[in-house]
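The following paragraphs lead through one protein model, from its overall layout to individual side-chain pairs. Please keep the sequence and the structure in view while reading.

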Amino acid sequence: MAFSSVFRRVNVKELISNASVYASAAESSGAMSLVFRRWATKKTAGSTKNGRDSNPKYFGVKKFGGEKVEPGNIIVRQRGTRFHPGNYVGMGKDHTLFCLKEGHVRFERNKLTGRKWVHVDPVAGHVLHPVYASGLTTAADLDAQL
């Protein structure tokens, strides 16, 4: 069966003039006639694409140069290594720098590389461990000193 025998060619003018805008399916004559419906001119009040926001992370320097710190105090909260840990400063898995010994915070900047270091200068009574005192000491040197 050819399509031409089932569907006859109709232009748009005939479709618009024959079908009523407000007609229901029962009122329309003919089995294969098209029914036009009015569509809403506005969308319904549904979801929006905006309105999401994340909580603040509170990054930055928490203890500034010269401030007294105790073990466990957070010195810097950061993403990545903007500041690097120096003497008596530890680094967490989220790159948070924290104090390891009681003392005062000191910030240092390398003139050649521009890398920023954070150190804790221990209060009186704390002595810098020989491993941290100079990078060239060996295990034999440590045994001789102890």
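A residue is called buried when its relative accessible area is under 20%, exposed when it is over 50%, and partly exposed in between, with a 1.4 Å probe and protein chains only. The model is a predicted one, in which local features need pLDDT of at least 70 and side-chain atom pairs count only at pLDDT 80 or more, while totals for chains, interfaces and linings use all residues. Numbering starts from 1 along each chain as its sequence is written, and side-chain values use heavy atoms, with hydrogens and water left out.

The protein chain contains four helices and eight strands; helices (H or I, at least four residues) and strands (E, at least two) are DSSP runs numbered from the N terminus. Of the 146 residues in the protein chain, 14% are buried.

Four of the strands make an open sheet with mixed pairing, in the order β2-β7-β8-β4. Its edge strands, β2 (68–69) and β4 (83–85), each pair on one side only. Strands count as paired if DSSP finds at least two bridges between them. Strands β7 (residues 103–109) and β8 (residues 116–122) are joined in the antiparallel sense by seven bridges, and Gly 103 has Pro 122 in β8 as its bridge partner.

The whole structure holds one aromatic pair, a term for Phe, Tyr or Trp rings (for Trp, the six-membered ring) whose centres lie within 6.5 Å, with planes under 30 degrees apart counted as stacked, over 60 as edge-to-face and the rest as tilted. Phe 83 and Phe 107 form this edge-to-face pair, at 5.7 Å centre to centre and 70 degrees between the planes. Phe 83 belongs to strand β4 and Phe 107 to strand β7, 24 residues apart. Phe 83 is buried at 12% relative accessibility, whereas Phe 107 is partly exposed at 31%.

There are four salt bridges in the structure, each a side-chain nitrogen of Lys or Arg within 4 Å of a carboxyl oxygen of Asp or Glu. One of them joins Glu 102 and Lys 68 at 3.0 Å, N to O. Because Glu 102 lies in the loop between β6 (97–99) and β7, and Lys 68 in strand β2, this pair ties together parts 34 residues apart in sequence. Lys 68 is partly exposed, with a relative accessible area of 46%, and Glu 102 is also partly exposed, at 28%.
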